[in-house]
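These are my notebook entries on a structure that I opened for the first time. I set down what I looked up, entry by entry.

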Amino acid sequence: MSRADLAVVDTAAVRPNPVWSLGLLRSEFVTTFRRWRTLALLGVLAAVPVLVGVSVRIETRGGGQAGPGGGAGPAFITQVTNNGLFLVFTALAATLPFFLPMAVGVVAGDAIAGEADAGTLRYLLVAPAGRTRLLLTKYATTMAFCLVATLVVAASALAVGALLFPLGDLTTISGTRISFADGLGRALLIALAVALSLAGVAALGLFVSTLTNSGIAAMATTVGLLITVQILDQIPQLHALQPYLFSHYWLSFADLIRDPVYWDDLVKNLELQALYTAVFGSAAWARFTTRDITA
Amino acid sequence: MAPYESDDSTGAAQADDELRDELRAERRRKAARYVVPLAVVGVAAATIGLVPALADSGDPDLPKITAQELIDKIAKSDVQQLSGTVKISTDLGLPDLGGLESSLLSGAAQGSGGGSSADPTGKLTELASGTHTLRVAADGPEKQKVSVLESGAEYSLIHNGTDVWGYDSKSNEVYHSTAADSGKAEQHEVPATPKDFADEFLKSVDGTTSVTVDGTAQVAGRDAYRLVIKPKQSGTTFGAISIAVDARTGTPLKFTLTPSSGGAAVVDAGYTQVSFAKPAASTFDFTPPKGAKVTEGDKAGKPGKAREGSGADQGGKVSEMPGHGSAKGLDKSGFKVLGKGWNSIAVLDTGSKGGLPTGSASGGGDLGGFLGSLGNPVSGKFGKGTVFSTRLINALITDDGKVYVGAVDKAALVKAANAG
């Protein structure tokens with residue numbers, strides 16, 4: 001593409017129609033959520049709570065204790081038999097370290113690079129939307145996917161929990177009791193906290209996606225970075241570095257089931273996600289708005 | 001670029017220059033965009049580095065107070081209602097055995113606690129190393145609660161009237177005992193809050209100790225006096241003990257124990273957040289959740305055991321403060337105490353010559369070799385022995401079966417062994 005073409009695109013970006021950009025957002029939503037790949041990811045995520053719930057149910061059929069004696073396994077798994085609502089927390093604790101961020105990595109990595117790969121990116125840019133707007137739309141779509149994915153896990157877990165286990169007042173991990181409605185509210189807050197925990201990965205994936213024209217490469221790089229960071233977070237010698245890794249405070253959502261809620265780590269998590277979003281979001285913007293689009 | 005450079009006419013050259021300038025400006029404008037993410041990183045780094053320094057708004061201005069007045073203030077302090085978050089770090093300098101250590105500890109705890117992970121004995125020994133966040137709440141002498149915050153789980157010890165509940169959310173196990181006294185005993189035997197630590201050390205203030213007020217400090221957003229306790233004698237491993245005392249209520253807010261060898265504090269326990277309002281009554285209500293495994297503690301035996309456990313592991317340096325309180329206990333059980341004040345050394349004659357698995361004991365086998373590798377061999381007039389050291393407590397085990405233990409340095413132990 002020559003400079004002249006670029007200039008055309010840039011001047012077109014000066015006055016986009018606001019209604020048009022809403023339309024862009026809507027069309028992005030529809031494209032993303034109607035993809036078979038996205039639906040398959042959501043299906044896998046919805047299956048996790050079913051697996052966990054059914055296996056806990058089978059294991060405790062004789063009135064036994066869930067999980068091995070020492071409290072191993074995902075957090076909260078031993079409480080699932082008391083209250084089906086705990087299956088929501090268990091399922092989120094089980095999917096947050098890998099399944100959820102992997103799904104987000106796939107969607108975010110595909111956002112720009114996938115369009116370039118399919119040769120549709122230049123047509124998107126010919127439309128009078130502008131690159132910054134397109135990037136924002138892509139990020140909004142990715143974040144919407146984070147929220148939908150988390151809610152799918154939570155809703156599936158709630159349905160399975162209600163079917164297989166009793167519901168009612170629940171005991172917080174601090175030992176106090178709260179009403180079922182309060183518990184449900186906290187479950188919703190937790191789903192929101194988990195979705196926001198994925199903001200950092202989403203921004204990182206979007207940045208990687210602007211670097212390459214290969215969708216597969218972007219997805220693989222994002223998921224690879226995710227695994228690397230998770231491993232680094234386990235090495236005790238790196239404890240000075242760990243508070244700055246985006247996955248470090250992920251499990252802080254569990255602090256919402258303490259009574260009273262322990263906010264320190266939750267706030268740190270949100271600050272960290274905001275920082276990652278700002279750094280990699282602006283890096284993605286710097287790269288995407290200055291790059292020559294050749295595909 | 002080639003098409004523009006092919007023309008040699010002056011006009012074209014001028015246009016060429018203009019274009020080149022334009023391109024350069026364009027490139028500069030593009031590069032400038034990358035400044036944004038870099039600036040964000042820079043601002044974040046500066047914030048992380050500078051905010052703690054700026055937040056340290058200097059020491060508060062409080063009326064002068066003497067050390068004695070401050071100690072009286074602590075003694076008179078009658079705080080019944082309190083809730084807060086305590087951060088406690090302990091670094092006793094125990095040899096790092098990794099998983100082995102914790103499996104031994106939990107094995108020991110399981111042995112005495114009947115296998116329930118909700119048993120306070122086993123749980124609270126975990127506090128003896130590393131950094132932990134605790135939540136404490138109290139409403140009068142009948143209602144107290146201590147919770148250890150873990151990742152995705154919590155261990156709570158709740159005392160409400162005649163009931164003592166331990167709830168481990170990770171394994172969903174409950175420990176219950178009903179004796180009214182045992183509740184108090186456990187609450188007092190487990191030094192977790194800065195006040196517990198401070199009380200232990202203020203008991204020991206006598207002629208061998210200097211107590212001074214060393215300015216003021218801000219702890220958990222409250223103005224506090226800093227009380228510093230220092231041993232006057234040399235030879236002890238205790239460096240200094242600093243206690244931050246809330247200026248308004250007289251409650252100790254932060255306790256720091258530094259060893260004489262310098263370095264990080266051995267015990268550092270302080271409130272990160274504290275409130276003197278009445279905690280919600282529901283905080284102290286506990287009903288075992290459905291399906292939880294409940295272990296009933298027997299009324300008489302358990303508190304005694306809890307006391308032993310926490311005395312040896314958690315309170316090693318606190319309960320066995322040389323020369324005071326516990327020295328009497330040592331006397332009772334056949335120990336001998338040499339010296340006085342900070343430099344006192346407990347002597348135990350096991351009578352089993354060479355029976356202790358020190359490194360030099362030939363019959364010790366594998367275990368002997370292993371233990372010996374953790375200590376340092378020493379010799380003197382008394383013969384040969386092995387010194388095991390932590391950052392606070394040193395122990396000398398001689399080959400003829402005598403054990404010298406004290407919060408003193410190695411030379412003092414050898415001197416005591418030579419004299420004895």
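In which helix of chain A do Phe86(A) and Phe89(A) both lie? I note at the outset that the model is predicted. I found the two residues in helix α4 (residues 86-95) of chain A, where they are three residues apart, about one turn of the helix.

**Entry on the aromatic pairs.** I looked up the ring pairs and recorded 11 of them over all chains. Phe86(A) and Phe89(A) form one that is edge-to-face, with 5.4 Å centre to centre and 90° between the planes. I then checked accessibility. Phe86(A) has 1% relative accessibility and therefore counts as buried; Phe89(A), at 0%, counts as buried as well.

Phe246(A) lies in the loop between α10 (215-232) and α11 (264-290) of chain A, and Tyr276(A) in helix α11, so the pair ties together parts that are 30 residues apart in sequence. I recorded both Phe246(A) and Tyr276(A) as buried.

**Entry on the cores.** I looked up the largest nonpolar core and found 80 residues in it. Phe76(A), Phe89(A) and Phe253(A) have the most contacts inside this core. Helix α7 (residues 131-164) of chain A gives the largest share, 11 residues. Another core lies apart from it and has 46 residues, including Val148(B) and Leu157(B).

Leaving aside neighbours within four places in sequence, its contacts include Phe76(A), Phe89(A), Leu92(A), Ile190(A) and Leu266(A).

**Entry on the sheet of chain B.** I read the strand order of an open sheet of 12 strands with mixed pairing as β7-β8-β9-β10-β11-β1-β2-β3-β4-β5-β6-β12. β7 (209-219) and β12 (293-296) stand at the edges with a single partner strand each, so one side of each is left without a neighbour in the sheet. The twist averages 15° from one strand to the next.

Within chain B, β3 (residues 143-150) and β4 (residues 153-160) pair in the antiparallel sense over eight bridges. I noted Leu157(B) in β4(B) as the bridge partner of Val146(B). Helix α8 (residues 194-202) of chain B packs on the sheet, touching strands that include β1 (81-90) and β10 (252-259), and its direction makes about 60° with that of β10(B).

Terms used:
Residues numbered from 1 in each chain as written. Chains lettered and ligands numbered in written order. Predicted model: local features only at pLDDT ≥ 70, side-chain atom pairs only at ≥ 80, totals over all residues. Heavy atoms only, no water. Core = buried A, V, L, I, M, F, W, Y, C linked by side-chain atoms within 4.5 Å. Buried < 20%, exposed > 50% of the residue type's maximum accessible area, 1.4 Å probe, protein only. Helix = DSSP H or I, 4+ residues; strand = E, 2+ residues; numbered from the N terminus. Contact = heavy atoms within 4.5 Å. Pairing = 2+ DSSP bridges. Axes fitted to C-alpha atoms, helices over the stretch in contact; angles between N-to-C directions. Phe/Tyr/Trp six-rings, centres within 6.5 Å; stacked < 30°, edge-to-face > 60°.
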